Amino acid sequence: MKQKVLYIYLVVLILAGCTYPPLPKQNGNASTEKNVTDESNNGDAKTFLLIGVDSRGEKKSRADAIMIARYFPERGKLKLASIMRDSFVKIPGDHPQYNKINASYYYGGKELLKKTIDEAFGVKIDHVAVIDFQGFVKMVDLLAPEGVVVDVDQKIIDDMSIQVSTGKNVLHGEELLKYVRFRHDDESDFGRVDRQQGVLLQLKNGFIDQISSLEGVVALPSIIEQGLSYLDTDIGLKTILEMGPKAVFQAPDTVETLRIPVEGSFKDAEYPEIGAVLEMDETKNKRALQAFFSK
């Protein structure tokens, strides 16, 4: 995979920080179930697991956001699938048991989460990037030093103690983290989707603005190196820089998104000692994710 790796890096930087894609129109009749890592079908496509963790430095934490990014260089296509953190799946191990998928990160870190995704959905991961709350705050200020303009309502202000007035505001790292994590209204996690997608686009634009000049291109290696310091990832600086600065501007021709569980494939449930979960139709969601990454 030697095309547009810097764009994937940008996706890693932004999307790993507590970001879900919007819910698109979905076909509930998907039935294709292939090995999505079959290189004979997908050429040089690679799959990235992006994890935003519910932590401010603690040794153990849960995954607050789980996203899988897959890029198809021959087709110029990027696909992003988010797995909702309350999805009820079987977590493998010596004593396999059902739990929220974000608990797998708490029990066994990124390796157990990778294995859980593989066994639950048949998706093998090539690379992983993890970012915590502190890293997200720093990453926001790195990518968009001028801040991000968002529309803040009174519920968010009261619940998250953001020191702004209602309406349009410019938010920076810590306040933006509160904004994208808010979910204590009728829309819950689903309302977060729209806010986070809007922030994602502005962060991308802020980053591109920074490197759109000769000075920005010269500064790009240091920006990348600094950004990598906020991540726990196996994507190295050398690999990224070998692709060249112009790769940043070669965004994929198309970006498609999916959310798991898919529409009409789950119900709200409650379990003792676990709490509220999204109880999924496992077969339907596995097939939907397989079909999404196989096309």
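Which side chains along strand 7 point to one face and are buried, and which point to the other? I began my notes with this. The model is predicted, and local features need pLDDT of at least 70, side-chain atom pairs count only at pLDDT 80 or more, and totals for chains, interfaces and linings use all residues. Residues are numbered from 1 along each chain as its sequence is written, and side-chain values use heavy atoms, with hydrogens and water left out.

**Entry: strand 7**

I looked along the strand and found that the side chains alternate. V148, V150 and V152 point to one face and are buried. Helices (H or I, at least four residues) and strands (E, at least two) are DSSP runs, numbered from the N terminus.

I then looked for the partner of this strand. Strand 7 is joined to strand 8 by five bridges, and the two run antiparallel. Strands pair if DSSP finds at least two bridges between them. V150 has N169 in strand 8 as its bridge partner.

I also listed what V150 touches, leaving aside neighbours within four places in sequence. Its contacts (heavy atoms within 4.5 Å) are G167, K168, N169, L171, L176, Y179 and V199.

**Entry: the cores**

Next I turned to the nonpolar cores. Such a core is a set of buried Ala, Val, Leu, Ile, Met, Phe, Trp, Tyr and Cys residues joined through side-chain atoms within 4.5 Å. The largest one has 32 residues, and V150, L176 and Y179 have the most contacts inside it. Two or more residues each come from helix 4 (133-143), strand 7 (148-152), helix 5, helix 6 (173-181), helix 7 (188-210) and helix 8 (214-228). Helix 4 gives the largest share, seven residues. A second, separate core has 26 residues, among them A63, V123, V130 and I260. In soluble globular proteins, nonpolar side chains tend to be buried together.

**Entry: the loop at Q163**

Is Q163 buried or exposed? I found Q163 exposed, because its relative accessible area is 68%. Q163 sits in the loop between helix 5 (154-160) and strand 8 (167-171). Its C-alpha atom is 8.4 Å from that of E175, which is 12 residues away along the chain.

**Entry: rings**

I counted four aromatic pairs. Rings of Phe, Tyr and Trp (its six-membered ring) pair if their centres lie within 6.5 Å; planes under 30 degrees apart count as stacked, over 60 as edge-to-face and the rest as tilted. F88 and Y271 are stacked, at 4.5 Å centre to centre with 20° between the planes. F88 is in strand 4 (residues 87-91) and Y271 in strand 11 (residues 266-271), 183 residues apart. F88 is buried at 9% relative accessible area, while Y271 is partly exposed at 28%. Y106 and Y107 are edge-to-face, with 5.6 Å centre to centre and 80° between the planes. Ring pairs also link F88, Y98 and Y271 into a cluster.

I checked charges over rings too (NZ of Lys or CZ of Arg within 6 Å of the ring centre and within 35 degrees of the ring normal). The charged end of R62 sits over the ring of Y106, 5.8 Å from its centre. K79 lies over the face of F292, 4.8 Å from the ring centre.

**Entry: whole chain**

The chain has 10 helices and 12 strands. Of its 295 residues, 51% are buried.

Technical notes. Buried means under 20% relative accessible area, exposed over 50%, partly exposed in between (1.4 Å probe, protein chains only).
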